[in-house]
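Subject: Structure handover

Hello,

Here is the structure you will be working with. Please open it and keep it in view while you read the notes below.

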Amino acid sequence: VGTADLIAAYLDELRAKRPAGDLDEILPEIEDHLRSVAEAHLGLGLSWQDAQHHVLATFGSAEDIRRAFASTRGKGAAMSTPITRSAGVIAMLGGVLLAATLCLAAIRPWDLGATTSWFGPLLATATILVIAGLIGVHLRHRAVYSVAGGTGRWLVPAGVVLLILGVATWNPPSYFVGLGLLVLGLTLVAVEVWRAGVIDRRALLLGAAGIPLALVVPVLGGDGWMLLASFAGFLALGAGLGWVGYGLWQEQTSNDNSTTPVAV
Amino acid sequence: MILGMRADILKGHLDLLLLTVVSEGSKHGYAIVEELRERSGEVFDLPEGTVYPALHRLERAGLLRSEWTTASGRRRRVYSLTHDGRSAIVRRRREWHEFSTAMAHVMEVGPWAQPT
């Protein structure tokens, strides 16, 4: 066996290129492949150096492999599952219900204080549906998260816990820190979803545009154009969420036609 | 990268090929590449490294599952077909049959048609 470990050098080069995916999964698998083939060549009489050269030549360069893994990111990558597709349907329902509930609440604000108000149960149901849909969005994209997305995915639950604790214990600092973490985490994850390009970016823009508009009346109060702005915001938010859900759901069709390029 | 067949022809069918090979028994990546090469009469001579992104993608899609074993003192990832993967093969084979039949019908007319 020769002294130069070309396979180890190749793996170092590939590691440095950070191919999309979990390196702890990718590198051992590739190493097993390369060393198995090299050992087979060694058994056929090649020197260890020649065996390594041969296997590396047929495997593809580190840049080839990085690009091949990158090609499985984003649109066309078959990463949807029955769970994410179901979450898409749930998100569609959640988006519609959320928009309808908020619009109704804007039209009939006097109902909100009634002891038998429909608002609480409807809003809770819509929120649960939307959260389930967003979990589906996360599951669909988690394989392509960068460090930012990986951080965001943990900030969201941490923020929710602090938010709930803040409300339950009347602790404003906990509430505001939780809210901040939640917003930051959602933003980081949203950036990853945007970058992945799996879901139509217009859906993300629509939903995001709806948030500030929707907050006009709750924050500033008022009626007239403010009420109209909030209405538009509710509808945009609901439509954006529904569109995101549609994007998750309809992937079944596009996945059936997806491929990984074999020419690298 | 040299291929035994034009890459763009093979491109659209890689998933079906991989699923079919794995459907006949659990295999690791290199065994899958070798099986494809041998059974195609060395026509499907894939750049070996490009098979792994496809396998990972199929696993994320729920069509394959994998588990780590140990072989020759090294960790080895072995792939097997899921229930969804089996359904996908049935569907994609049907699509392939329809496509290849239609292609044959079109191509059998003209001076380039193979003599029967």
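The notes below cover a set of strands, some salt bridges and a pocket.

This is a predicted model, in which local features need pLDDT of at least 70 and side-chain atom pairs count only at pLDDT 80 or more, while totals for chains, interfaces and linings use all residues. Residues are numbered from 1 along each chain as its sequence is written, chains are lettered from A and ligands numbered from 1 in the order in which they are written, and side-chain values use heavy atoms, with hydrogens and water left out.

Strands of chain B

Helices (H or I, at least four residues) and strands (E, at least two) are DSSP runs, numbered from the N terminus. Two strands count as paired if DSSP finds at least two bridges between them. In chain B, strand β2 (residues 64–71) runs antiparallel to β3 and pairs with it over 8 bridges. Within this pairing, B:A71 is opposite B:R74. The two strands make a hairpin with 2 residues between them, and B:S72 in the turn has a positive phi of about 55 degrees. Strand β1 (residues 27–28) of chain B is also antiparallel to β3(B), over 2 bridges; B:K27 has B:Y79 as its bridge partner there.

Buried means under 20% relative accessible area, exposed over 50%, and partly exposed in between (1.4 Å probe, protein chains only). Strand β3 (residues 74–81) of chain B is largely enclosed by the rest of the structure, because 7 of its 8 residues are buried.

Salt bridges

A salt bridge is a side-chain nitrogen of Lys or Arg within 4 Å of a carboxyl oxygen of Asp or Glu. Over all chains, the search finds 20 salt bridges. In one of them, B:R39 meets B:E24, with the closest N and O atoms 2.4 Å apart. B:R39 is in helix α3 (residues 29–39) of chain B and B:E24 is in the loop between α2 (14–23) and β1, so the pair ties together parts that are 15 residues apart in sequence. B:R39 is partly exposed at 49% relative accessibility, and B:E24 is partly exposed at 45%.

B:R39 also forms a salt bridge with B:E35, at 3.2 Å between the closest N and O atoms. Both residues lie in helix α3 of chain B, 4 residues apart, about one turn of the helix. B:E35 has a relative accessible area of 22%, which makes this residue partly exposed.

Another salt bridge joins B:R37 and B:E48 (3.2 Å, N to O). B:R37 and B:E48 are both buried.

The largest pocket

On a 1 Å grid over the protein atoms alone, a pocket is an open set of points where a 1.4 Å probe fits, with protein on both sides within 12 Å along at least five of seven lines; lining residues have an atom within 4 Å of a point. The largest pocket has a volume of about 2,000 Å³. Its lining has 42 residues, and the closest to the centre are A:V130, A:L134, A:L182, A:L186 and A:I211. Helix α8(A) gives the most to this lining, with 11 residues.

Regards

Definitions and conventions
Points joined across faces, edges and corners; volume = space filled by probe spheres on them.
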